[in-house]
Amino acid sequence: LTGIIEYKTFAEGTKSESSRPFLCFENGTQILLYKKGDNPFENNGFTEFDGKKVTVKGELVNGVFEVISVGESD
């Protein structure tokens with residue numbers, strides 16, 4: 001999948017509220033990302049790509065895209 005990674009507020013107003021990475025597409029659709037092996041509460045695996053166009057590889061698991069690899073895209 002190719003899109004722009006943006007950190008957004010997740011579960012606002014709940015105990016689970018946090019800043020989490022989403023892959024945002026040109027059509028306005030977005031999907032929550034999780035990098036395999038990363039701490040799901042910190043999500044540090046995507047910070048270097050925040051605001052950048054990337055291509056991610058992985059699989060959709062329970063509505064979250066589990067990323068195996070990520071790299072900048074043109």
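**Core and barrel**

The largest nonpolar core holds 11 residues: Ile5, Leu23, Ile31, Leu33, Phe46, Phe49, Val54, Val56, Phe65, Val67 and Val70. A nonpolar core here is a set of buried Ala, Val, Leu, Ile, Met, Phe, Trp, Tyr and Cys residues joined through side-chain atoms within 4.5 Å. Buried means under 20% relative accessible area, with a 1.4 Å probe and protein chains only. Strands β3, β4 (53-61) and β5 each give two or more residues to this core. The largest share, 3 residues, comes from β5.

The model is predicted: local features need pLDDT of at least 70, side-chain atom pairs count only at pLDDT 80 or more, and totals for chains, interfaces and linings use all residues. Residues are numbered from 1 along each chain as its sequence is written, and side-chain values use heavy atoms, leaving out hydrogens and water.

Now the strands. A closed barrel of 5 strands runs β1-β2-β3-β5-β4, with mixed pairing. Its twist averages 55 degrees from one strand to the next. Strands are DSSP runs of E, at least two residues, numbered from the N terminus. Two strands pair if DSSP finds at least two bridges between them.

Take β5 (residues 64-72). It pairs with β3 (residues 30-35) in the parallel sense over 3 bridges. There, Lys35 stands opposite Val67 in β5. β5 also runs antiparallel to β4, joined by 8 bridges. Thr55 stands opposite Gly71 in β5. The β4-β5 hairpin has 2 residues between its strands, and Asn62 in the turn has a positive phi of about 50 degrees.

β4 also pairs with β1 (residues 2-10), antiparallel over 3 bridges. Here Ile4 stands opposite Lys53 in β4.

Definitions and conventions. Helix = DSSP H or I, 4+ residues; strand = E, 2+ residues; numbered from the N terminus. Axes fitted to C-alpha atoms, helices over the stretch in contact; angles between N-to-C directions. Buried < 20%, exposed > 50% of the residue type's maximum accessible area, 1.4 Å probe, protein only.
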